[in-house]
Amino acid sequence: MRGTLSDRMGAAVLMAPLLLFLILAYAWPFLGVVKWSFTLPTPGLGQYHALLTDELVQSVFIRTLRIAAIVTLVSVTAAYAITVVWVRGSPVQRVLAEFCILVPFWISVLTRAFGWVALLSNRGLINTWLQSIGFISEPLTLVRNEFGVIVGMSHFLIPFAVFPLASAMRSLDERVLLAARGLGSSRMRTFWTVFVPMTRSGIIGSAMITFVFSLGFFVTPAILGGGRSVMIAELIYLRIFQSPDWGLGAAISVVLVVFVGALMALLFRYVKPKQLV
Amino acid sequence: MQQPGRAAEIKANGIGKSFGSFRALDNLSLDIGRGEFLTLLGPSGSGKTTFLMILAGFVQPSEGKLFSDGVDITNRPAEQRAAGMVFQGYALFPHMSVEQNIAFPLKVRKKSAAEIKTRVGEMVERVGLKGHEKKLPAQLSGGQQQRVALARALVFGPGVLLLDEPFSALDKSLRGQMQAEMKRLHQETGTTFVFVTHDQSEALALSSRVAIFNHGKLLQVGRPDEVYDRPANRFVAEFLGEINMLPVKGVRPADNGATGLCEDRAVNMRCKAEAIKGDAILAIRPEDMSIAPEASVNQNGIAATAVASTYLGAATKLDLTTRQGAKVTVSVPNEVAAAALSKGNSVWLTWPAEKGFLLPDGGQ
Ligand SMILES: Nc1ncnc2c1ncn2[C@@H]1O[C@H](COP(=O)(O)OP(=O)(O)O)[C@@H](O)[C@H]1O
Ligand SMILES: [Mg+2]
């Protein structure tokens, strides 16, 4: 996007307060965290060395990556289906889809996590129902494990995954789809060989956003994981507020931020920011 | 690659299309012959694209029936009609290379890899895209994209090729070149072509027949010379090119044609006057009129004064006003125009009886 000089100046003036806020509220304190990671309890690279050798930290990192990957797959797939209905459905379907996308934004993340506990716990709705129809005799463990975390996080992230997809689908030239059908391609084939590849930038953007969000998730895994499926953010919290091991907590934070930063850089190499909204 | 006789014959019977209360097409009946090059010509918004979309099966008509080779295809979905279509703006698959775009309809038809390779190769050659096979559409010029669209629409040997203003985005010189190639492709493939344009010279140059649209109605269908020389009404006459309109009074049949009074002078027409009696409009193309110092009694003529001229290179366009104030334009050799203008006083405009034709008075 290239604008005139005054356009760009205007944009800069409007962006300035936001930038200032980000620096004061995030960048500045984060520098403090970086400092801790190199100085606590003693100056040096000790905490980074510990991070590389500590098996607990490593298993949490791997679990976090695994959960983030699964959640991304689930969320983007579900969001894709919802977005197709939202962008290309009949007027009634569109309204319904829009409702489903927007309502979750009005309910707090805490409420939603406890809602899932109520649904998934041993004596929750799902288990009681499955038992009452005689499908199972013992309750299934649906919560306080990775499964519960994945369900809760996907539910939270699907609406966010919708927007890059919607933007890609809206900018798609309808005539290309007609052309495919006119050349003899069935609706199914047109969907898989033309529609999906043409919304590729939306899929990448949507997946990146979901993945990056998942890496830093705190509340949902803490509640639905029940301490048994700890993710990286919860580990940082535990190191700083419970064990007090500020240096290690800080070092984990720094690694997480660097990793997310690298992912974002990758994202913007493939997708223009305006394709994400 | 195209088996002769596979070209489709299409019959549209009373086709109508409404969008809400808006009539986009009204009671349209048209026979499209096997292997013909039919042009749909009309101003923007006249319903050409809508009709093409109905032919392709993308739009369902509100009324009427459509037949292909005698079979009712009104309710047949687009993917089963096997019409080749070139869209306005080409609608290429942006994520596929030139080769993959052209191979798409063959892959859909589950042709063998070997057959796809030969047919795509032939088609690439035929439309002059050799060396560009691996490029993406975004890496091609407008003219090249146009060729990919044509190749993709023709490669599976469709019974009919539908083209929606394929040249409107090209510059003038490229357009001329593409028109010539289009004619060649039509002859080579033998397929029925239905070609949409709003450019009358393109329509006259390319087609075996022209169908003229206005406000969702089909006004006239005929060979280019028929519609140009004998337009059915004033709209067609004016849309196909510049034309002079002179009021004539007391039109009645006469020996091999009709006769009437134009600015108090008897004029003769070769066309029949059965349908038109009394007052009418005499229409004459600018290039059919000449300038003379005198007109003999049995010659068609009208006195006029030259008022302005436009030099066009090969000829000059001369604007004149008749005694009763009608405006006339003629296209004459440059020196004739100069002479007429310098004299300042009245000259005679003459035309052969077979060149003028009658239109209903004030009629559309
Ligand atoms: N899907 C549609 N909904 C409403 N009106 C339409 C639709 N498609 C075409 N029209 C209207 O029908 C008329 C004819 O359109 P079109 O066939 O595209 O004309 P042309 O191709 O001759 O320019 C236009 O007035 C257009 O606005
Ligand atoms: Mg059109």
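Visitor: What should I know before reading any values?
Guide: The model is predicted, so local features need pLDDT of at least 70 and side-chain atom pairs count only at pLDDT 80 or more, while totals for chains, interfaces and linings use all residues. Residues are numbered from 1 along each chain as its sequence is written, chains are lettered from A and ligands numbered from 1 in the order in which they are written, and side-chain values use heavy atoms, with hydrogens and water left out.

Visitor: OK, how many residues does each chain put into the contact?
Guide: Chain B gives 22 residues and chain A gives 16 residues, where contact means heavy atoms within 4.5 Å.

Visitor: And how much area do they bury?
Guide: About 1700 Å² between them, with 66% of it on carbon and sulfur atoms. Buried area is the accessible area (1.4 Å probe) that two parts lose on being put together, summed over both.

Visitor: How many salt bridges across that interface?
Guide: The rule finds one. It joins R181(A) and E79(B), whose closest N and O atoms are 3.0 Å apart. A salt bridge here is a side-chain nitrogen of Lys or Arg within 4 Å of a carboxyl oxygen of Asp or Glu.

Visitor: Where do those two residues sit?
Guide: E79(B) is in helix α2 of chain B, and R181(A) is in helix α8 (residues 174–182) of chain A. Helices (H or I, at least four residues) and strands (E, at least two) are DSSP runs, numbered from the N terminus.

Visitor: Why would such side chains pair at all?
Guide: Side chains of opposite charge can pair when their charged atoms come close.

Visitor: How many polar contacts across the interface?
Guide: Four residue pairs are in polar contact, both residues at pLDDT 80 or more. That means a pair of N or O atoms within 3.5 Å; within protein, one must be able to donate a hydrogen and the other to accept it, and residues adjacent in sequence count only if both atoms are side-chain atoms.

Visitor: Which elements of chain B supply that face?
Guide: α2 (78–81), α3 (98–108) and α5 (142–154) of chain B each supply at least two residues of the side that touches chain A. The largest share, four residues, comes from α3(B).

Visitor: Switching to the ligand. What surrounds ligand 1?
Guide: Its shell includes F19(B), F22(B), P43(B), K48(B), T49(B) and T50(B); a residue is counted as near if one of its heavy atoms lies within 4 Å.

Visitor: Which polar atoms approach its oxygens?
Guide: A polar side-chain atom of T50(B) lies 2.5 Å from an oxygen atom of ligand 1. For an N or O atom in the side chain of T49(B) the distance to a ligand oxygen is 2.6 Å, and for a polar backbone atom of S46(B) it is 3.2 Å.

Visitor: Which element gives the most to that shell?
Guide: α1(B), with three residues.

Visitor: Back to chain A. What is its secondary structure?
Guide: Chain A has 13 helices and zero strands. Its C-alpha trace spans about 70 × 70 × 30 Å along its principal axes.

Visitor: Where is the cis peptide bond?
Guide: Between L40(A) and P41(A), with omega about -10°. P41(A) is in the loop between α1 (5–39) and α2 (46–53) of chain A.

Visitor: What about phi of D69(B)?
Guide: Phi of D69(B) is near 50°, a positive value in a residue other than glycine. D69(B) lies in the loop between β4 (63–68) and β5 (71–72) of chain B. Most residues other than glycine have a negative phi, and most peptide bonds are trans.
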